[in-house]
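I opened this entry to look up the charged side-chain contacts. My notes follow in the order I took them.

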Amino acid sequence: MGFTEIFVATHDAALKRAGVLDGGGSAPAGDAVRIPDISDFEVEQLGDLAGTAVHAGGADYELTMVDVASDSLLAVPPAMVRALADLLSYETEGEGDVLEEVAEQWAAQDDMPFGASEARTYVQRVAELASGIDDSERTGLYVWSA
């Protein structure tokens, strides 16, 4: 298995980046998190866990195809972007660190290639990307998966 890259871009920039990645090239780092040995399915699992943690469960957290030109590029739905961003600031009464809990639950999913500590780093970085989405700049959160 290859890797999955989660990044912030405009629609056109996302298609361009996907073209580079589809061709085996290396896209500029920028606002991206590269996670080895997972697929878009594990990203959807993360979205479900984040939604449940911030009491926004039941929303549609399924990644959507962006363009027929690239079946490896998917868009993160707005509900998932909000849930991920909320992990940074969500407050619970005596329940501990929500981001930490989500990372632990994500790492515990079947066939995850990393433990809770590494998962926490990934979840933190993805949550930070999600919190930086700016509607006025027409940016979104995208997932490219090999």
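I started with Asp97 and Arg120, whose side chains form a salt bridge with an N to O distance of 3.0 Å. The model is a predicted one. I looked up accessibility for both: Asp97 is partly exposed at 37%, and Arg120 is partly exposed at 25%.

I then checked Arg120 for a further partner. Arg120 also forms a salt bridge with Glu100, and here the closest N and O atoms are 2.5 Å apart. Glu100 sits in helix α4 and Arg120 in helix α5, so the pair ties together parts that are 20 residues apart in sequence. For Glu100 I noted a relative accessible area of 26%, which makes this residue partly exposed.

Next I went to Glu5 and Arg34. Their side chains meet in a salt bridge at 2.9 Å, N to O. Glu5 belongs to strand β1 (residues 3–10) and Arg34 to strand β2 (residues 32–36), so the pair ties together parts that are 29 residues apart in sequence. Is Glu5 buried or exposed? I found Glu5 buried, at 3% relative accessible area, because the cut-off for buried is under 20%. Arg34, at 35%, is partly exposed.

Last, I took the total: the count is four salt bridges.

Definitions and conventions: Residues are numbered from 1 along each chain as its sequence is written. This is a predicted model: local features need pLDDT of at least 70, side-chain atom pairs count only at pLDDT 80 or more; totals for chains, interfaces and linings use all residues. Side-chain values use heavy atoms; hydrogens and water are left out. Helices (H or I, at least four residues) and strands (E, at least two) are DSSP runs, numbered from the N terminus. Buried means under 20% relative accessible area, exposed over 50%, partly exposed in between (1.4 Å probe, protein chains only).
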